[in-house]
Amino acid sequence: MFRKIFLVLVLFQMSFAMDPSIVKVLRCLEKKRMSVVSVEKIDGKIYVKKETGKESDVIGPAAFDPGVSILEYKQDCLFQERDYLKGVKHSQRKGLLGAKKNSTRDSIIVLKKNKAIWSCPLGGKKVEDISVLDQSKLVVGCSDDFGERDFIDTLWLLDDKCRWTLFEPNANMNPHGFAVDCTLFHDKFVASSRFLSYYIGKRDPYTVVFDSSWNRHWGTSLSFWVNASARDVGCGYYYFTDPDDTDQNGWVVKCARWTGNNFVEFTLPYEVRDRNESRPVQGLLFPCGDGICVQDRETKKIEVLVDE
C-alpha cells in the first residue's frame, strides 16, 4: 500500500514539473489511443513518433523495430503527419535527423527531415547499424567481413569530414544471439538524448553519455539495457527477484541519471508487468519531453515516470 501511495505522489508531483505543452499532447495521445514511440519539442514544435508496425513480444534491445510515423501537433488534439525520414529505420533516427546506406550500399547518407546534408563512402567497412549523435557525427557499428549478417564487433565515430575514428573495438550490439534485423542502439532515440548502450562480451550493458559538443564522453556498466532516454536520464526494464519472498518478483523500471560527474542508478516503484519473467512487459517506455513516460499496451494510458 505504501508503495502505491508513494508512486501516486511521485507521479502527481512530476506531472506539474513537466512542460505543460508536452502534458497536453500526452493527454491527446491517450484520448486517440495511439501507440507512442516518443514525444519531443524541436524548434518550438511538438513532434510525436507513433508505431505503425506490429508490437513486439520481446523485451529490451532485441525488440521488433516497428514502422514509425512522424506527426506534428497542431492544436485541439489535431496532428499532421509529416513525410520525414521515409526509408530510414527507427534505430537510425534521432529527432528529425536520420542516416542510412545509399541504394548501392557503398556510402552513408545523413538527412535532416528528407534533405541529404552530407554523405561518406564506407571504404570497404561492413556496416550493420548506425546511430546519430548529432548533425555532424554518427556512431557506426561494423562487423567482420564474412557471412550474410554478423554481430557488431567494432564501433566507429564518423563525422561530416568523413573521418573514421575507432571508438570501441570489442562491442557486441546484439547480445541475445538473434541474427535478425533488431534495434541495436536505441529503440527510442530522441533529439535530446546523449545515451548510447552496447555490450562487451557477456558483461552487463555498457552505457556511454556524450557531452553537448560531442568532444567528450563518459561510460559505465549498468545492470539494465537503456530502452528510452532523454538528455540526462536513461531507463529500461529489470526483472527484480527476492529470494526470501518470491511474491515480490516482477518487472520494474530501472534508470540511470548522468549528474555531470557520474551515473546514479535507481529503481522506480513501478511494475511494468506482473510476476511472470517470461512474458513481455505491459508498459512500454518512451521519452516525453525531457523525461521518461510509460504507456500501457492495452489501455494506452500514459504516466510520467521521470521528469528532468
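Buried means under 20% relative accessible area, exposed means over 50%, and partly exposed lies in between (1.4 Å probe, protein chains only). This is a predicted model, in which local features need pLDDT of at least 70, side-chain atom pairs count only at pLDDT 80 or more, and totals for chains, interfaces and linings use all residues. Residues are numbered from 1 along each chain as its sequence is written, and side-chain values use heavy atoms, with hydrogens and water left out.

**Salt bridges**
- A salt bridge is a side-chain nitrogen of Lys or Arg within 4 Å of a carboxyl oxygen of Asp or Glu, and the count comes to 11.
- Glu-72 is buried at 4% relative accessible area, while its salt-bridge partner Lys-74, 3.4 Å away from N to O, is partly exposed at 41%.
- Salt bridges link Lys-45, Glu-72, Lys-74 and Arg-82 in a network.
- Glu-40 and Lys-49 form a salt bridge with their closest N and O atoms 3.1 Å apart; Glu-40 is buried at 5%, and Lys-49 is buried at 4%.
- Asp-232 meets Arg-194 in a salt bridge of 2.4 Å, N to O.
- That pair links distant parts of the chain, 38 residues apart.

**Around Cys-28**
- Cys-28 is buried, with 3% relative accessible area.
- The C-alpha atoms of Cys-28 and Cys-77 are 5.4 Å apart, although 49 residues separate the two along the chain.

**Around Glu-128**
- Glu-128 is buried at 9% relative accessibility.
- Its side chain joins that of Ser-143 through a 2.8 Å polar contact (a pair of N or O atoms within 3.5 Å; within protein, one must be able to donate a hydrogen and the other to accept it, and residues adjacent in sequence count only if both atoms are side-chain atoms).

Note on methods. Helix = DSSP H or I, 4+ residues; strand = E, 2+ residues; numbered from the N terminus.
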